[in-house]
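Morning, everyone. Today I'll talk about a core and a helix. Have a look at the structure first.

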Amino acid sequence: MKTGIITTDSFVNHNTGLGHPERADRVSVIVENLKKFEKKLIWKKPTTVDKKFLRITHSSNYVNMIENSFPEKGFSYLDGDTVVSPGSKKATFDAVGSIISAIDGVINKDFKNAFCAVRPPGHHSEQEKAMGFCIFNNIAVGANYLISKYKYKKIAIIDFDVHHGNGTQDIFFNNEKVLYISTHQYPYYPGSGSYKEKGKYNNVLNIPLPAGTNSNEYLDAYEHVLKKLKEYKPEFVLFSAGFDAHKDDPLAQLQLTSKDYYKITKRTLDSVKNYCDGKVVSILEGGYDLNALKESSQYHINALLEF
Ligand SMILES: [Zn+2]
């Protein structure tokens, strides 16, 4: 079976303004690059999300507020660095719709696993708060969809974005059906993510790393992720795939290389293969150097293709 790629044209219309790091080219470079591997991939568009699935993750008030926050022209600010424009509405709903499409496709065996090339990203978005370029928490909506629609009881979210996914942690802190694991630069934006934050059911594992952490140091620390996954035995695996821990990324100071994303992905997949039967969906979060993003996402997807 092939790997699914979920993406759509609306993502380039989420205009965040000149000079904003979370910009349209991020998805375009990934998609253009993946066209070279067309034969191994199945391309699919996002589905329209039933809002009842958004309301499991976010409050009704928040979903309504967001729906009405998109300007007819110019820009609106949802927080200091989360900007929306007229084209952002469709992109925002399509980003969530992508993870729903990906999950349905994996469960229906249209493809073995999937990567969603989307923006806006999601992992900083809390139940009632947009922040850090994130509006809806795409991956959290996906995990709750697996629980609500398909009755999964053990979902692992692995977040290797350089920033801590405070939103995802917040949403699942008291939910034993979701294991949230994050590796991230610490102390750093958004401030959360100490190893002491463990979740009500020991279902959160934070692996904070100092600025300057290199490949070998990162991969050594990643052994804790693999150990936790083997203990938890997830039935479905979701990646919050941010590529901003790359040494060339302008927003943070970890020192990973593009090839490390192959190693991270491959080692994760090997550690869970006996439990999740290959059911893996990955979704783009950060990554702000275009060349690093293009290479790193390709290495990540290469591991998905081999699995
Ligand atoms: Zn990030």
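A nonpolar core is a set of buried Ala, Val, Leu, Ile, Met, Phe, Trp, Tyr and Cys residues joined through side-chain atoms within 4.5 Å. Buried means under 20% relative accessible area, with a 1.4 Å probe and protein chains only. This is a predicted model: local features need pLDDT of at least 70, side-chain atom pairs count only at pLDDT 80 or more, and totals for chains, interfaces and linings use all residues. Residues are numbered from 1 along each chain as its sequence is written, and side-chain values use heavy atoms, leaving out hydrogens and water.

Now the core. The largest one has 89 residues. Which of them touch the most other members? They are F115, I155, F236, L238 and V281. Helix α4, residues 88-107, gives the largest share, 9 residues. Helices here are DSSP runs (H or I, at least four residues), and so are strands (E, at least two), numbered from the N terminus.

Take I155. Leaving aside residues up to four places away in sequence, I155 touches, among others, A143, L146, F236 and L238. Contact means heavy atoms within 4.5 Å.

Next, helix α1, residues 25-34. Its buried residues are R26, V27, I30, V31, N33 and L34.

Last, the α1 and α9 contact. On the α1 side, it includes I30 and L34. On the α9 side, it includes L293 and I301.

Note on methods:
Buried < 20%, exposed > 50% of the residue type's maximum accessible area, 1.4 Å probe, protein only.
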